[in-house]
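Dear colleague,

Please find below the structure that I am handing over to you. My findings follow directly after it.

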Amino acid sequence: VQLQASGGGLVQPGGSLRLSCAASGNIFSIDAVGWYRQAPGKQREVVASIAGGGSTYYVDSVEGRFTISGDAAKKTVYLQMNTLKPEDTAVYYCNARIKSYVLGPFNDYWGQGTLVTVSS
């Protein structure tokens with residue numbers, strides 16, 4: 001199983017970016033997918049998550065600006081980031097709990113990270 005994160009880049013304050021996290025490999029089901037970020041000198045924090053049933057969670061600092069969504073057919077989860085601020089600058093990682101076999105356990109997988117820089 002692999003997670004491929006993409007969509008990062010340099011954007012001015014107030015701008016938008018959309019991150020993608022695509023899962024591939026031997027996948028029977030995906031339980032939940034989360035986006036995390038780690039800024040220089042800071043601990044990794046959860047930004048948003050979406051469960052298999054569609055329920056979502058957002059950290060307070062991004063509530064109302066970021067939207068997490070998923071496309072089950074493409075096995076891809078998106079993070080639409082609007083009204084970006086300099087403090088959103090970080091490496092963004094996706095994480096997914098995936099079961100590869102019907103009777104197998106859910107395992108955690110991480111994408112490689114994509115850098116988001118918000119600066120004028």
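I begin with Lys75, which is partly exposed because its relative accessible area is 35%, a value that falls between the 20% below which a residue is buried and the 50% above which it is exposed. Please note that the model is a predicted one, and that every value in this message is computed from it.

Lys75 is located in the loop that links β7 and β8. Its phi is positive, at about 50°, even though Lys75 is not a glycine. As background, a negative phi is what most residues other than glycine have. Thr83 also has a positive phi, of about 50°, without being a glycine. That residue belongs to the loop between β8 and β9, and its relative accessibility of 44% means that Thr83 is classed as partly exposed.

Overall architecture

The chain contains eleven strands and zero helices. The C-alpha trace spans about 50 × 25 × 25 Å along its principal axes. How does the radius of gyration of the chain agree with that of a compact globule? For 120 residues, such a globule would have a radius near 14 Å, and the chain, at 14 Å, agrees with this.

Of the 120 residues in the chain, 38% are buried. The accessible surface amounts to about 6500 Å², and carbon and sulfur atoms contribute 50% of that area. Among contacts with a sequence separation of 6 or more, 55% are between residues 24 or more positions apart.

The nonpolar core

Which residues touch the most other members of the largest nonpolar core? They are Trp35, Phe66, Ile68, Leu79, Met81 and Tyr92, in a core of 30 residues. At least two core residues come from each of β1 (2–6), β3 (17–24), β4 (29–38), β5 (45–51), β7 (66–71), β8 (76–81), β9 (90–99) and β11 (114–118). The largest share is that of β9, with five residues.

Ile68 deserves a separate entry. Once neighbours within four places in sequence are set aside, Ile68 is in contact with Val33, Trp35, Ala48, Ser49, Ile50, Thr56, Tyr58, Val77, Tyr78 and Leu79.

With a relative accessibility of 48%, Gly70 counts as partly exposed, since the limit for an exposed residue is over 50%. Beyond the residues up to four places away in sequence, Gly70 touches Ile50, Thr76 and Val77. Gly70 and Ile50 are separated by 20 residues in sequence, while their C-alpha atoms are 7.9 Å apart in space. Ile50 is likewise among the contacts of Ile68.

Aromatic residues and Arg44

How many aromatic pairs does a search of the whole structure find? The search finds one. One is that of Tyr93, with a distance of 3.8 Å from the ring centre. The other is that of Trp110, where the distance from the ring centre is 4.8 Å.

Yours sincerely

Conventions: Residues numbered from 1 in each chain as written. Predicted model: local features only at pLDDT ≥ 70, side-chain atom pairs only at ≥ 80, totals over all residues. Heavy atoms only, no water. Phe/Tyr/Trp six-rings, centres within 6.5 Å; stacked < 30°, edge-to-face > 60°. Lys NZ or Arg CZ within 6 Å of the ring centre and 35° of its normal. Helix = DSSP H or I, 4+ residues; strand = E, 2+ residues; numbered from the N terminus. Rg over C-alpha atoms; globule rule 2.2 N^0.38 Å. Buried < 20%, exposed > 50% of the residue type's maximum accessible area, 1.4 Å probe, protein only. Contact = heavy atoms within 4.5 Å. Areas by Shrake-Rupley, 256 points an atom, 1.4 Å probe, with all protein chains shown as cover. Core = buried A, V, L, I, M, F, W, Y, C linked by side-chain atoms within 4.5 Å.
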